[in-house]
Structure formats: C-alpha cells, structure tokens
Amino acid sequence: MSGKNGLPKIQTDKKAVDENIICHDDSAKPVKAQTVDELHSLQVKKSAPTTPTVGILGSFAPSPARPDEQIQKQQLQSISASLASLTRETGPKLVKGDPGSRSEKSAPVSHKTADVTPAPNNSDSALKFTHILYNLSPPELYEQAIKYEKGSFITSTGAMATLSGAKTGRSPKDKRVVKGENNGDDLWWGKGSPNIEMDEHTFMVNRERAVDYLCSLEKVYVNDQFLNWDPEHRIKVRIVSARAYHSLFMHNMCIRPTPEEVENFGSPDFTIYNAGMFPCNRYTHYMTSSTSIDINLGRREMVILGTQYAGEMKKGLFSLMHYLMPKRQILSLHSGSNMGKNGDVALFFGLSGTGKTTLSTDQNRYLIGDDEHCWSDNGVSNIEGGCYAKCIDLSKEKEPDIWNAIKFGSVLENVVFEEHTRLVDYTDKSVTENTRAAYPIEYIPNAKIPCVGPHPKNVILLACDAFGVLPPVSKLTMAQTMYHFISGYTALVAGTEDGIKEPTATFSACFGAAFIMYHPTKYAAMLADKMQKHGATGWLVNTGWSGGSYGLGSRIKLAYTRKVIDAIHSGSLLQANYTKTKVFGLEIPSEVEGVPSEILDPVNTWSDKDAYNETLLKLGGLFKKNFEVFLDYKIGADNNLTQDILAAGPNF
C-alpha cells in the first residue's frame, strides 16, 4: 500500500496490521488531569504522616484511629509549646506546610501558657500565622535553600554549597552556661574553664528575643531527631531554625528517626532555638558582642543569636552530652572510633591537625564514628548520625572516603567553586580556611550501622608535635594516660605569612576543653576506671615532626604512622621490647614492623643533640606550666589529684 511519491502509506486503523508499516501509533491514554495544577498534583505521591502520635501532653491525647488532620494538630501543639512566649497569654499560631505551596494546608493551633502571669495578646505578632516545615527530607531542603537562601548552590557532585554568614567558625568567648542552684557546684567554673556563666534572667531575655524572632518569620524549620546510637541512653532533641541550611545540617549530623520513631517521638529532652540570623542585644547583661550561644541545663534549652555557623548546634549538643552522660556513669568522649573484623575497638583522641579523622577512617576497619562517642556498660556508641569533615586541601588520593561522601544530601560550608561547572576548589581559602562538609555516616562505605561496638581494647592519644621531641609511638601507664588525657597536647605552626617559624604548644583538656562541663579530672578518672575494668591499653602517637623542630626536621610519614596503628590494632606492639625516654619517661618500642627503627627514639634523628635536649626541656616546661591549673582541684569532697598522675608528667 503506497502513498504519494511511492512512500509507504501510514496505517492508522488498528484493525489492520501490516508488517511493512514503518510508522506506528504509540500514543497513550490522555492524562486524567484537566488543569496544569491537577497534573502537578499527580506527580507527587502522598507520604505517610511524619508527625508524633504518642506522648503529647494536653487535650490532644494520642488515638490510633484519629485522622491525619488530628495527628498533625497534636504535633503542632507540641511545637507550639516549644515556641511559646512565657510573657504572653498564648503561644504562636502555627500552620503546617510551606506558605508558598497552595496544596499544603492544616488547621492552625496555639499553645496556652501557664508558666507565668501573661500579658494580653494585643500585639501584631499574635495575629499572624507561622508555618512549620517539619522534618523535611534533603530534596525538600535543597529546594527551600536554593529558592530562598542566597549563596546556596548545587555543586558538580550533587552536594549543596552554602555560606554561614559573617562567622565561619565557633565563637567560644560568646558561649555561656546558666549558673544556678542545681549546677553551681557541679560544673567547672573559673580559670581554664570553657564555661562562662550567666544568670537565669539573662537567659530568658535572650530566649524571648530568639522565640520572638522565629515566630515573626513566615516559616521555620523543625527537626525532631536523636543523639546516641545506644537505644538505652538515647536523647530526643528538637531543633528550631530559620534556614534550610541549618535544618539539612542537623538532619545529617543527628540520628535520623524512622517514621515509626517520629510517630512516637513525643516531647523533646532538649531544644535548640537557632535565631542566628538575628543579633543579641548588646545592652543585655553579660553580652560582650552581638553573638551569644546560651545553654540552660535546667530548662534543657539552647539559644543561638548572632551567628549562622552551624557547628554551634553540633557542639552545643555535645556539651549537653558531656553534662548528662557522666550523671549516668557514662563517659562522653571527643574521639574517633573504629572496629576490626574481630570486634576489637580503638578510640582515637586528637586535636585539629593530628590525624584523628584520617587514622580512624581505615578501609580495613569498620567506622563507628569520627568525632563524638559514649562509653557505657554496654560498650562504645556514636553520639551522632553524621560526620563533619574539614575540606581544606581535600583530595581524592589522600581522603577517598570523605571525597566520595560529598554527594547529594551533603552540605558544603563556605567552599569556593567554579561558576559554570560548579567544580569545588578545595584549595581556595577565599571565604575561610575552615571549609567543612557535613554528611550522613552511611555515606562512608565501611561505616558500622548501628554505630555501636564492644568495649575498647586500645586508647590512642594523638599529638602533632612540631617540636620534634616526642617519639612516634609510646606505651603509656594508666597514670600517664590520665596525665596526657588531661593535658590534651598538640603543637601548631603559625602561618608563613607572618614569618613565624616557631611551633606553638596547644593544650585542650580531654582533647576537647571547649565542650566539657565538669572538671577534666572527672572525665580522666572515669576513663581510667573503664580502661582498668575492660583491660584497655593507652598509647601516645606523635604524627608530627622528627629529626628537628618544624623548619629543620620533617613530618613523620603517614605510611609509618599507619604501620604503628596497625601494630597497635594487631596486638603485636604489646610484645615488643621497650626502653624509657628521659624527661617524659615514655616507653618506646625497639622495633615496629614497617617503620625504620632509628626514628623510634627521637634523639637518634637529631644531628644536634644539645638542641634536642634543650627543646625537650622546653616542651616539658610547657607541660608543667599548663598542668598547674589542675594541681589543687578536688574530685568530690576530699580526693586530690594523686601523686601518681603528677609523677607521670615530665620530670627534670
């Protein structure tokens, strides 16, 4: 059958079938939608409600038979209670859903305040609605950030790049803790302490300022999540924030609940009010800048004003765990942790630049976590649900796991990327040197899920000694472990731009002084008790310089350090012969497989022995001076630091 010009005629009659037809009718049935809006509504499937159904107080008691609208109402009632002003009659009027979406609607709710005698609701803020975006998924948060937050972009690998504003790091001098009757004697105050006190009234002033700001917005983000992978000691946290970036960051960093866990979430154990886009009032008592990060342990609340740096939320919750867990006889630790295939667990302590993340992320071992852990009678558990890695000079060759984890769902803070291709330049410090990536821990291929493990066998204290006098590895006695744990030593090298070549000693008690709540000796005593009970061995590993200080010697090769760590994991280092060094009295092995024996004793690597001895005494003096603040502290009523711990330090 031919058409014009001898071409085959197109057959459209379905009853007639001709094998020679070259065109066929592949049309489908038309869509059911009659309008574009109806067509868009067909594109997205309705999800099960992600709202709590158990444990909400008030007249909205849970009932399995209630419709979705009632479930949403009781969940909003819980959030309204969190956002309630304590000086007005009712809390904010909340509505669930994005105000920009016509399809999302819910009945408004408000919370009745009973804490204080309230003022009448005669303000404009009492007339408006605040939309709640609750436990949004990463794709939803991407859409919010890119649409509404300037400086948010999708990079070439799918990660979301964003900016943290004027602050690109934590503000430790602006962090305050309410000193009250319940914690005045327990917490560490005064010289050397990270805890700057404030009173209850000032906290409430800042809380009211933060809540008023959040309720003045058209919408806020609410995350209900968990801390601690040990279900017996899990903490429920609620984060209220103004930016999608903050919500996605905490989605990655906290433990993400299942739909069933969300339904049973109830009231939180701790709440963060992140109003970081709004400054504190400089005329408020205790305020020294426009930034204030305030923790009230009695109210179980944290208020953030004047900084958008997301790390404040992560470390604020870590401070909370440093307070809560020791009360349960659980040791909170600023450490990495991994586990061998035979179940042997190691803890890695170390300050920035010591290699804690690099050495705990081992392709031959399971990663339990890279930064925050608890050690309970059940073993070790990760506090977090994600990792927060430094990105400066990141390369696929040196850090393949971190490199590959920066993909869709990850947050990149303050990085610089190429305008057209969106390729990130990890060497660029134009915004800050403190560029970071936050990603879920399951993005690491060998992560152990759930992130728990048995009791550790090895406790590894890492130091990057730029003075070049500490050995690559030394076995510690229990007293030495406590001494070096309390000291928390590393050495930093000043930037070359100011011409300074002299290394600077840095001490941070328990390798995380900025986050601890009690005196360091309390954590050290708990660590020693658990190590003795479970037969763990302490090690001091120097990842810094050998053959001279910075500028003269060279940094110990990473390959050698990995061989040292492998020998610790395998147990072979316990069988080695040991000699003791001068001044610090450290036991050093005579040999380690794969490591040149001559570098194991640092004096052998220095050509100028007098310079070595002088530098060794100098570092010993810095240790002694740092430890002076701990000498007269008492644990409990009458338990002074023991002479064994003091003797475990440098002697000369």
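Reader: Leaving aside its neighbours within four places in sequence, which residues is Thr-490 in contact with?

Author: Start with the term: contact means heavy atoms within 4.5 Å. Thr-490 has such contacts with Leu-351, Thr-354, Ala-463, Cys-464, Thr-504, Ala-505 and Thr-506, once its neighbours within four places in sequence are set aside. Keep in mind what you are looking at. This is a predicted model, where local features need pLDDT of at least 70 and side-chain atom pairs count only at pLDDT 80 or more, while totals for chains, interfaces and linings use all residues. Residues are numbered from 1 along each chain as its sequence is written, and side-chain values use heavy atoms, with hydrogens and water left out.

Reader: Where is the place of Thr-490?

Author: Thr-490 sits in strand 25 (residues 489–493). Helices (H or I, at least four residues) and strands (E, at least two) are DSSP runs, numbered from the N terminus.

Reader: Is Thr-490 buried or exposed?

Author: Use the cut-offs: buried is under 20% relative accessible area, exposed is over 50%, and partly exposed lies in between, with a 1.4 Å probe and protein chains only. Thr-490 has a relative accessible area of 1%, so Thr-490 is buried.

Reader: Which backbone nitrogen does the side chain of Thr-490 reach?

Author: That of Cys-464, at 3.1 Å. Such a polar contact is a pair of N or O atoms within 3.5 Å; within protein, one must be able to donate a hydrogen and the other to accept it, and residues adjacent in sequence count only if both atoms are side-chain atoms.

Reader: Which side chains does a polar contact of 2.7 Å join?

Author: Those of Thr-291 and Lys-167. The side chain of Thr-291 also has a polar atom 2.8 Å from the backbone oxygen of Gly-306. Thr-291 lies in the loop between strand 9 (270–275) and strand 10. The relative accessible area of Thr-291 is 0%, so Thr-291 is buried. Away from its neighbours within four places in sequence, the contacts of Thr-291 include Ser-171, Asp-174 and Cys-280.

Reader: How many bridges join strand 5 to strand 10?

Author: Pairing comes first: two strands pair if DSSP finds at least two bridges between them. Strand 5 and strand 10 (residues 292–296) run parallel and are joined by three bridges. Arg-176 has Asp-294 in strand 10 as its bridge partner. Strand 5 also pairs with strand 6, again in the parallel sense, over three bridges. There, Val-178 has Met-198 as its bridge partner.

Reader: Which residues point one way from strand 5, and which the other way?

Author: In a regular strand the side chains alternate between the two faces of the sheet. Here Lys-175 and Val-177 point one way, Arg-176 and Val-178 point the other way, and all are buried.

Reader: Where is Pro-194 found?

Author: Follow the chain into the loop between strand 5 (175–178) and strand 6 (196–198). Pro-194 and Lys-175 are 19 residues apart in sequence, yet 8.2 Å apart in space, C-alpha to C-alpha. With a relative accessible area of 17%, Pro-194 counts as buried. Among its contacts beyond four places in sequence are Trp-188, Ala-513 and Ile-516.

Reader: What are the buried residues of helix 3?

Author: In helix 3 (residues 138–148), these are Pro-138, Leu-141, Tyr-142, Gln-144 and Ala-145. They cover an arc of only 170 degrees around the axis, so they lie on the same side of helix 3. The arc is that of the directions from the helix axis to the C-beta atoms. On the other side, Glu-143 and Lys-147 are exposed. The cover over the buried residues includes strand 2 (129–134), strand 7 (219–227) and helix 5 (244–253).

Reader: How many residues has the largest nonpolar core?

Author: In soluble globular proteins, nonpolar side chains tend to be buried together. A nonpolar core is a set of buried Ala, Val, Leu, Ile, Met, Phe, Trp, Tyr and Cys residues joined through side-chain atoms within 4.5 Å. The largest here has 125 residues, and Leu-317, Leu-412 and Tyr-439 have the most contacts inside it. Helix 7 (residues 311–327) gives the most to this core: eight residues. Another core, of 26 residues, lies apart from it and includes Ile-132 and Leu-214.

Reader: What order has the open sheet of five strands?

Author: The order is 3-4-18-21-17, with mixed pairing. Strand 3 and strand 17 (386–390) are the edge strands, as each pairs on one side only. Strand 17 and strand 21 (residues 436–440) run antiparallel, joined by five bridges. In strand 21, Ala-438 is the bridge partner of Tyr-388.
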